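This report walks through a protein model for a reader who is meeting it here. Please keep the sequence and the structure in view while reading.

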Amino acid sequence: MEMLRARGLSMKLVLSFTMVTAALVPLILQAALMLGSFQQNQLDGRSMEIQNQCAILSNRMTRSGYMTAEKKNNTALDAQMQTISDLYNGRIVIVSSNFKIIADTFNLSVGKYYISEEVIKCFRGEAASHYNKEMQYFAQATPVYDPANEKTVNGVLVLTASTENIISLTDKISGSAHLFLMSMLLVLAAVSVMAVHLLMAPFGKLQLAFDRVAQGDLDADIMVDTYRETKQLSESVQKSLGKLRAVDQSRQEFVSNVSHELKTPITSIRVLADSLMGMEDVPVELYREFMTDISDEIDRENQIIEDLLMLVKMDKSAESQMNLEQVSINGELEQVLKRLRPIAKRKNVELILESFREVTADVDRVKMSLAITNLVENAVKYNVDSGWVRVTLDADHKFFYITVADSGIGIPEDCIDHIFERFFRVDKARSREVGGTGLGLSITKNVIRMHHGVIDVESQPGEGTVFHVRIPLNYVPRQEGRT
């Protein structure tokens, strides 16, 4: 049992047991019903035979005046009674009107009294029978009438017949039935094992394929389409493997991008520093210019590291990173636009806020402010001269909606599906020019997901971009988060 618990219950064992049980139980029930029906039919037939024999014998006794005739005149009837009692392995007694036994095929009870319920009924003119299951015998009592008056009962004929031969025959048939059932059990067990082996063979192939995947072969062919279920399972696992491959590729690209992005500022710093060291009598203005460039590269490096740390924190545990409170979304939008107006003014971009209603929601104030800031700041940075950025807030009974639209340069269609990927840039040259790290939109999407919201984007090159954000008004922790 310990080994079974450790290894788990085999599906083959369950299927084999189910198939054997499903086939054997009806056979057992049918055998039991047939044996019971056979025995009951035999007993009913024996009862009818005894009743007929008693009726015939009683009629002959009535016609011959057996109860009043002398004994020597009843020799033929006595012989017939003896024959009948021997035939049924039983006993016949004749009881007179004073309940005395006047004839007994065993010659043991003549002169003794015989009082029973069946005898009393017969003296009232009713035939009676009784079956004793424990002692295995029938008792049939039949009235013997007065030949002069057929309504007067002169005596009672009581025939007891053994049913041992019927029980013995039933037992023999039962033994044969048990032998047949045992044979069928062995045959069914063998057939079930073979059938289950053939049935489970495709799942064995799947297991081997899964083992290859577990060893790291993500490109293993696991398609087993023998059954619809194995095909569906294979397709589901193929989809999961596809996502795993995508994640693995994304991880490799992420590591490569991180290495590149962190290395680029360091390379620039090294070049600037080497240039300074290679110059003699460097003018103060040039020295300051180089140091300013070095400081900018350090700030850029620091910004990349901070953004990476923030993404790592978000990836660890969304629930534990949330500091929820009731926040006025209108106020937060006003604060974000207030902080970004100097940047927008330098870019000659107009910031517009449209609020259709007062909205209060359960959010993490800092994270939500960061996400909105990233969207609006990108809309300002990648805008055209004398452009505009419109931020719209609306809500219904369940969600609040933020829309950030701009008149900027837009996003090419082939890049829209990748803009939320880490370090992805539509225009790398311009991104470095405006100071982007390529992590802002990835952080924004993570923040919105942590709030159980969604973000979508629409854009046309040269016509601007629109980001749509939808977030629940009331934050409800998900089951996996609580667990």
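Does Tyr401 count as buried, partly exposed or exposed? At 30% relative accessibility, Tyr401 counts as partly exposed, where buried means under 20% relative accessible area, exposed over 50% and partly exposed in between, with a 1.4 Å probe and protein chains only.

## Basis of the values

This is a predicted model, in which local features need pLDDT of at least 70 and side-chain atom pairs count only at pLDDT 80 or more, while totals for chains, interfaces and linings use all residues. Residues are numbered from 1 along each chain as its sequence is written, and side-chain values use heavy atoms, with hydrogens and water left out.

## Aromatic pairs and charges over rings

Rings of Phe, Tyr and Trp (for Trp, the six-membered ring) pair if their centres lie within 6.5 Å, and planes under 30 degrees apart count as stacked, over 60 as edge-to-face and the rest as tilted. By this rule there are 4 aromatic pairs. In one of them, Phe399 and Tyr401 have ring centres 6.5 Å apart and planes at 50°, so the pair is tilted. Phe399 is buried, with a relative accessible area of 17%. The rings of Phe420 and Phe467 form an edge-to-face pair, because their planes stand at 80° with the centres 6.4 Å apart. Phe420 lies in the loop between strand S10 (399-406) and helix H10 (428-434), and Phe467 lies in strand S12 (residues 464-472), so this pair ties together parts that are 47 residues apart in sequence. Both Phe420 and Phe467 are buried.

A charge sits over a ring if NZ of Lys or CZ of Arg is within 6 Å of the ring centre and within 35 degrees of the ring normal. The charged end of Arg470 sits over the ring of Phe399, 4.5 Å from its centre, and that of Arg390 sits over the ring of Trp388, 4.7 Å from the centre.

## The sheet with mixed pairing

Helices (H or I, at least four residues) and strands (E, at least two) are DSSP runs numbered from the N terminus, and two strands pair if DSSP finds at least two bridges between them. An open sheet of 5 strands has the order S7-S9-S10-S12-S11, with mixed pairing. Strand S7 (350-355) and strand S11 (454-460) stand at the edges with a single partner strand each, so one side of each is left without a neighbour in the sheet. S10 and S12 pair in the antiparallel sense over 7 bridges, and Phe399 stands opposite Pro472 in S12.

## The sheet with antiparallel pairing

Strand S1 (residues 91-96) and strand S5 (residues 153-162) pair in the antiparallel sense over 6 bridges, and Ile94 stands opposite Leu157 in S5.

## Thr170 in helix H5

Thr170 has its place in helix H5 (residues 164-214), and Thr170 is buried, with a relative accessible area of 5%. The side chain of Thr170 reaches the backbone oxygen of Ile166 at 2.9 Å. Leaving aside neighbours within four places in sequence, Thr170 is in contact (heavy atoms within 4.5 Å) with Leu35, Phe38 and Gln39.

Note on methods
A polar contact is a pair of N or O atoms within 3.5 Å; within protein, one must be able to donate a hydrogen and the other to accept it, and residues adjacent in sequence count only if both atoms are side-chain atoms.
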